Amino acid sequence: MFMYEMPTRLYFGKNCIAQSGAALQQLGKKALLVTGRHSAKINGSQQALADTLDRLGISWIVFDEVENNPSIATVRKAAALGREQQVDFVIGIGGGSPMDAAKVIALLCTNEMDDAVLFTGPYSKPLPIVTVPTTSGTGSEVTKVGVLTNPHAGTKQSVNTPLIFPVLSFADPSFTMSVSETVTVDTAVDALSHAVEGYMSRKSTPVSDVWAEEALRFLGMHLTELRGELSYAVREDLMYGSTLAGIVIAQTGTTLVHGMGYQLTYYKGLAHGRANGLLLPRYMELMEASMPDKAEKVWEILGLSGWRDLASFIKDIMPDSVDLTASEIDSYVALTMPARAVQNTSYDITPEVVASLYRHLKTK
Ligand SMILES: [Fe+2]
């Protein structure tokens with residue numbers, strides 16, 4: 001048996017907020033907009049929402065202090081503002097960080113929790129959550145996960161509950177037109193790893209596989225043209241592919257690549273998509289052994305011949321190398337092994353397998 005759950009109502013396309021923003025009216029009279037410091041103001045997304053909210057007579061306030069890989073302190077500060085201002089719903093605008101933060105903020109507006117319970121629950125119903133992605137990568141606009149940095153655990157950790165599925169999402173690819181080349185590459189590779197990992201996950205289902213293959217098609221056709229100026233049509237395909245990949249991981253969770261990548265972000269400062277990209281080829285080497293038919297399908301859709309071909313593609317667009325000491329590898333392995341993402345991986349993941357994948361990073 002399998003279960004398919006996708007409760008987020010998604011509006012996709014240019015000007016979707018202006019066209020369909022009236023759907024926000026059902027959520028209340030006052031909104032908390034959650035963003036990073038700059039990009040929502042530059043790419044037009046905050047203005048598009050402000051215009052629509054004003055037109056609908058919904059009042060709004062902004063919390064624009066979400067940093068990359070948001071901290072518990074930041075979401076607590078925003079939730080305190082939301083409670084004090086008695087907002088009715090929360091809108092996360094941006095890449096994964098503001099959207100993930102918005103989900104946890106909505107949860108903290110209705111739940112009194114200490115830092116330990118924050119990651120485990122139980123939770124009661126959060127304020128309604130709305131997401132507006134402005135990068136094409138995270139998929140957070142349609143998932144039930146909010147990732148935070150947790151200094152108590154010494155890594156990134158997920159708040160994971162169906163309660164934080166966004167109620168509405170407005171995905172307008174025109175907001176991604178101004179995304180830099182580096183972020184375009186990092187986020188596209190993050191989306192690619194969502195589609196691949198979801199496809200390979202122990203929790204993959206016949207329905208999630210359909211979306212995963214479709215996501216791979218839309219992302220795959222543009223992998224060689226992620227640099228330089230991109231047309232709206234390409235930006236639209238990338239956002240469509242990344243949102244589909246988000247629907248996939250909402251069913252399947254992520255796997256070893258994400259589980260290991262969090263350590264590289266937390267301790268080495270690597271961007272999330274970059275960390276995943278560096279780990280993805282050797283992960284696919286494992287998958288070629290454990291799931292050869294699905295691995296073959298991935299290569300067929302992407303037009304690659306195998307994991308080595310993927311490795312040279314990644315080396316070209318992400319020429320990073322990460323030197324880790326033996327003791328760093330030991331501690332990252334210890335942090336990775338208990339992760340839910342490891343259990344989702346279709347391979348017998350031992351500490352030695354994880355250590356070997358980390359060791360391969362420096363040969364890039
Ligand atoms: Fe990701």
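**Figure 1. Salt bridges in the predicted model.** The structure, a predicted model, holds 14 salt bridges, a salt bridge being a side-chain nitrogen of Lys or Arg within 4 Å of a carboxyl oxygen of Asp or Glu. Residues are numbered from 1 along each chain as its sequence is written, and side-chain values use heavy atoms, with hydrogens and water left out. In this predicted model, local features need pLDDT of at least 70 and side-chain atom pairs count only at pLDDT 80 or more, while totals for chains, interfaces and linings use all residues.

**Figure 2. Glutamate 328 and lysine 268.** The side chains of glutamate 328 and lysine 268 form a salt bridge, with 2.8 Å from N to O. This pair links distant parts of the chain, 60 residues apart: glutamate 328 belongs to helix H14 (residues 326–336) and lysine 268 to helix H10 (residues 256–268). Helices (H or I, at least four residues) and strands (E, at least two) are DSSP runs, numbered from the N terminus. Lysine 268 has 32% relative accessibility and counts as partly exposed. Buried means under 20% relative accessible area, exposed over 50%, and partly exposed in between (1.4 Å probe, protein chains only).

**Figure 3. Arginine 274 and aspartate 320.** A salt bridge joins arginine 274 to aspartate 320, and their closest N and O atoms are 2.9 Å apart. Arginine 274 is buried, at 13% relative accessibility, whereas aspartate 320 is partly exposed, at 22%.

Figure 4. Glutamate 352 and arginine 359 meet through their side chains in a salt bridge of 2.6 Å, N to O. Both residues are partly exposed: the relative accessible area of glutamate 352 is 48%, and arginine 359 has 39% relative accessibility.

**Figure 5. The largest cavity.** Two cavities of 30 Å³ or more are found in a search of the whole structure. On a 1 Å grid over the protein atoms alone, a cavity is a set of points where a 1.4 Å probe fits but cannot get out, and lining residues have an atom within 4 Å of a point. The largest cavity has a volume of about 60 Å³, where volume is the space filled by probe spheres set on the points, and grid points are joined across faces, edges and corners. Residues lining the largest cavity include Thr135, Thr176, Thr187 and Arg235. Helix H7 (181–200) and helix H9 (232–252) each supply at least two lining residues, and H7 gives the largest share, three residues. Domain 1 (9–176) and domain 2 (181–363) both contribute to the lining, so the largest cavity lies between them; these domain bounds come from an automatic or database domain assignment.

**Figure 6. Contacts between positions separated in sequence.** Glutamine 19 lies in helix H1 (residues 16–20) and is exposed, with a relative accessible area of 63%. The C-alpha atoms of glutamine 19 and threonine 52 are 9.1 Å apart in space, and the two residues are 33 residues apart in sequence. Tyrosine 266, in helix H10, is partly exposed, with a relative accessible area of 28%. Between tyrosine 266 and threonine 155 there are 5.8 Å in space, C-alpha to C-alpha, and the pair is 111 residues apart in sequence.

Figure 7. Most residues other than glycine have a negative phi, and most peptide bonds are trans. The peptide bond from glycine 121 to proline 122 is cis, with omega near 5°. Proline 122 is in the loop between helix H6 (115–118) and strand S5 (129–133). Asparagine 15 has a positive phi, near 65°, and sits in the loop between strand S1 (9–12) and H1. Asparagine 69, also not a glycine, has a positive phi of about 55°. The loop between strand S3 (59–63) and helix H4 (72–84) holds asparagine 69. Asparagine 15 is partly exposed at 44% relative accessibility, and asparagine 69 is partly exposed at 26%.

Note on methods
On a 1 Å grid over the protein atoms alone, a cavity is a set of points where a 1.4 Å probe fits but cannot get out, and a pocket is an open set with protein on both sides within 12 Å along at least five of seven lines; lining residues have an atom within 4 Å of a point.
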